[in-house]
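Please look over the sequence and the model below. The paragraphs after them go through a few places in the chain and then turn to the chain as a whole.

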Amino acid sequence: MIQWTEAGQERSAAWRSALGAPPPRRVVVADDRMTAATAYRLACEGTALLWRGDFQGARQLLAAMGRRCKPAEPGSGFHRYRQAQSQRARTLGMLLVPYAEGHVVPLRRAPDVREACAEVFGPEAPPAVGPLRELLGLIGAHEWRRKGVHVAALDARIHPHHGVFSPIRGEYVDLVARAPLPGDRLAFDVGTGTGVLAAVLARRGVRHVVATDLDSRAVECARANVDRLGLSGRVEVVTADLFPEGRAPLVVCNPPWVPAKAFSPLDHAVYDPDGRMLRGFLGGLAEHLEPAGEGWLILSDLAEQLGLRSRSELLEAFAGAGLRVAGRMDVTPRHRRAGDQDDPLHAARAAEVTSLWRLTR
């Protein structure tokens, strides 16, 4: 619950956060008369602003507060970059909007967000209060889900759900589309996410693909995409922590690439705390591979460029798991941030290489 005082009365409402943010301890009521400077100062001090003015005014205020957030300097390093990102998220998360019953935002010029909210929070919609920044994220995620992302390797669209990593970086998908298949009978896709790699393998002729994920949102998303692509007879999506039961001639995994702490559920698509998923995949791969099978590890070297992991540590992890490298395919990133010299991590992003490691027992 969240509590505040308004018009001399104590009030409360359910706290709503898709990212698991805690409710703020101090809340004041704000409207279009509040300046960006005042809003930013209060937010930095830990005071949340419950908006009662025009919805579009709230969006403009949030943008103005964002311009006041100090970014990390180019070349300042990964940890300062994450610190700045975390501070920015906390500050901008202090601008709150109310929800009336039925996922309705009772503010002037507010958009209809009922469908976007229901996709994340479910149909039950009691009155609540939550961060405007998260609501805008839900609206954007709803549009991604509705329109989908075109994947050249499939010549079709993949529709990501909220909290499931979107395949907007197509280079890693292209690697899976080009690597020589060790067989077409069976494959495992470990940590399937949207199901895009499982769909690529099925479209390439693999007769049965078992796709796994531990996140219920990803399992639902992958099943929806498999059905939409007409592949439900060839791709089976199951809930599992890493591997399904049995062995396969091909086991594919595209784990989060950066071994760092995840601050929110969305971060888990990018950050792998202590390299848990990578180590788990490598440690269990040999016992889930058939004798002549291959494990395909799709991994960026961004962590190496950032000094968070060395190439020798990765190779030692292969050897320690009883695996050898049968081959490797590399590709350079095509996303715009690789060429953005104002990005604090520009040097690492510009040097980044994504690889498909072909691992055997």
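A7 sits in the loop that links β1 (2-6) to β2 (9-15). In this predicted model, A7 has a positive phi of about 55°, although A7 is not a glycine. Most residues other than glycine have a negative phi. A7 is also exposed, because its relative accessible area of 75% is over the 50% that marks an exposed residue.

D274 lies in the loop between β12 (248-253) and α9. With a relative accessible area of 67%, D274 counts as exposed.

Rolling a probe the size of a water molecule over the atoms shows where empty space is left. In the second largest pocket that space comes to about 160 Å³. By type, the lining residues divide into five nonpolar, one polar and four charged.

Is G122 buried or exposed? G122 is buried, since its relative accessible area is 17% and the cut-off for buried is under 20%. The position of G122 is in the loop between α4 (114-121) and β6 (128-131). Leaving aside residues up to four places away in sequence, G122 touches H103 and C117. P182 lies 60 residues from G122 in sequence, and their C-alpha atoms are 42 Å apart in space.

Now the chain as a whole. The protein chain contains 12 helices and 15 strands. Its radius of gyration is 23 Å, close to the 21 Å that the globule rule gives for 361 residues, so the chain is as compact as a globular protein of that length. The C-alpha trace spans about 75 × 45 × 30 Å along its principal axes.

Of the 361 residues, 51% are buried. Among contacts with a separation of 6 or more, 67% are between residues 24 or more positions apart. The chain exposes about 17,000 Å², and carbon and sulfur atoms supply 49% of that area.

Key
Residues are numbered from 1 along each chain as its sequence is written. This is a predicted model: local features need pLDDT of at least 70, side-chain atom pairs count only at pLDDT 80 or more; totals for chains, interfaces and linings use all residues. Side-chain values use heavy atoms; hydrogens and water are left out. On a 1 Å grid over the protein atoms alone, a cavity is a set of points where a 1.4 Å probe fits but cannot get out, and a pocket is an open set with protein on both sides within 12 Å along at least five of seven lines; lining residues have an atom within 4 Å of a point. Grid points are joined across faces, edges and corners, and a volume is the space filled by probe spheres set on the points. Ala, Val, Leu, Ile, Met, Phe, Trp, Tyr, Cys and Pro count as nonpolar, Asp, Glu, Lys and Arg as charged, and the others, Gly among them, as polar. Helices (H or I, at least four residues) and strands (E, at least two) are DSSP runs, numbered from the N terminus. The radius of gyration is taken over C-alpha atoms; the globule rule is 2.2 Å times the number of residues to the power 0.38. Buried means under 20% relative accessible area, exposed over 50%, partly exposed in between (1.4 Å probe, protein chains only). Contact means heavy atoms within 4.5 Å. Accessible areas come from the Shrake-Rupley method with a 1.4 Å probe; for residues, only the protein chains shown count as cover.
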